[in-house]
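Student: Could you walk me through this one? I have not looked at it before.

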Amino acid sequence: MDTLTALTHRVSVPRLTEPGPTPDQLRQLLAAAIRAPDHGMLRPWRFIVLQGEQRERLADVMEWRLLKRQPDADPNARENLRGKALRAPTVIVAVAEITENHKIPAWEQVLAVGAAVQNIMVAAHALGLGAMWRTGDLANDPDVKPRLGFADKDQVVGFVYLGTPAVEPKSLPDETPDQFLRELPRG
Ligand SMILES: Cc1cc2nc3c(=O)[nH]c(=O)nc-3n(C[C@H](O)[C@H](O)[C@H](O)COP(=O)(O)O)c2cc1C
């Protein structure tokens with residue numbers, strides 16, 4: 001698939017099944033990620049790749065967070081939540097490891113990691129894989145960061161679920177770039 005076709009036809013795939021990316025595909029996805037633009041060459045991106053049983057560790061974090069907020073959560077709720085970590089063969093946790101007190105502000109470093117995630121999304125599509133970028137409460141809970149091995153200053157940018165599409169690709173939205181264009185105000 002050529003680059004422009006991948007860029008203009010990518011869609012998120014919420015339901016994913018086996019097989020996940022091969023080791024070679026995984027390397028290609030991460031190689032695409034680290035070619036994202038990065039102001040100051042700070043290389044803020046960090047990736048945790050979870051496959052197979054490794055995903056149970058993410059399920060543990062999800063369940064731990066639920067129990068912290070809701071100590072009496074029933075076993076069904078706990079199991080349902082754990083299932084979210086297992087909904088795709090592979091999960092890449094993308095985190096911005098922020099360099100503090102730097103002339104490149106934290107928000108630009110987070111954007112660079114967002115661009116890296118988007119490179120993964122497009123590369124996955126080009127390889128015929130399905131992918132879905134999720135954040136949810138987990139990404140914004142400061143207590144979760146140390147459980148993932150990061151500091152309070154850092155930002156979880158996304159959980160990228162990867163696998164084989166289990167559903168037909170949805171159709172592209174009926175949109176044109178024109179509707180997003182604006183004029184620069186005069187004066
Ligand atoms: C930073 C970020 C976080 C997101 N988090 C979620 C999420 O937690 N749950 C969800 O259903 N969609 C989430 N989305 C949206 C989906 O990834 C997807 O972009 C959206 O469903 C639109 O589908 P499309 O990519 O095919 O246009 C997120 C997107 C971004 C950019």
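Student: How far is the polar side-chain atom of K170 from an oxygen atom of the ligand?

Tutor: A polar side-chain atom of K170 lies 2.8 Å from an oxygen atom of the ligand, and the protein covers 54% of the 610 Å² of accessible area that the ligand has on its own (Shrake-Rupley method with a 1.4 Å probe). Keep in mind that this is a predicted model, where local features need pLDDT of at least 70 and side-chain atom pairs count only at pLDDT 80 or more, while totals for chains, interfaces and linings use all residues. Residues are numbered from 1 along each chain as its sequence is written, and side-chain values use heavy atoms, with hydrogens and water left out.

Student: Which backbone atoms are listed with the ligand's oxygens?

Tutor: A polar backbone atom of W133 is 2.7 Å from an oxygen atom of the ligand, and a polar backbone atom of T135 is 3.0 Å from an oxygen atom of the ligand.

Student: And which strand gives the most to the shell?

Tutor: That is strand β4, residues 130-134, with three residues (strands are DSSP runs of E, at least two residues, and helices are runs of H or I, at least four, numbered from the N terminus).

Student: Switching topic, is R65 buried or exposed?

Tutor: R65, which sits in helix α3 (residues 55-69), is buried, with a relative accessible area of 11% (buried means under 20%, exposed over 50%, partly exposed in between, with a 1.4 Å probe and protein chains only).

Student: What does R65 touch?

Tutor: Leaving out residues up to four places away in sequence, R65 touches D137, L138, D141 and V144, where contact means heavy atoms within 4.5 Å.

Methods. A polar contact is a pair of N or O atoms within 3.5 Å; within protein, one must be able to donate a hydrogen and the other to accept it, and residues adjacent in sequence count only if both atoms are side-chain atoms.
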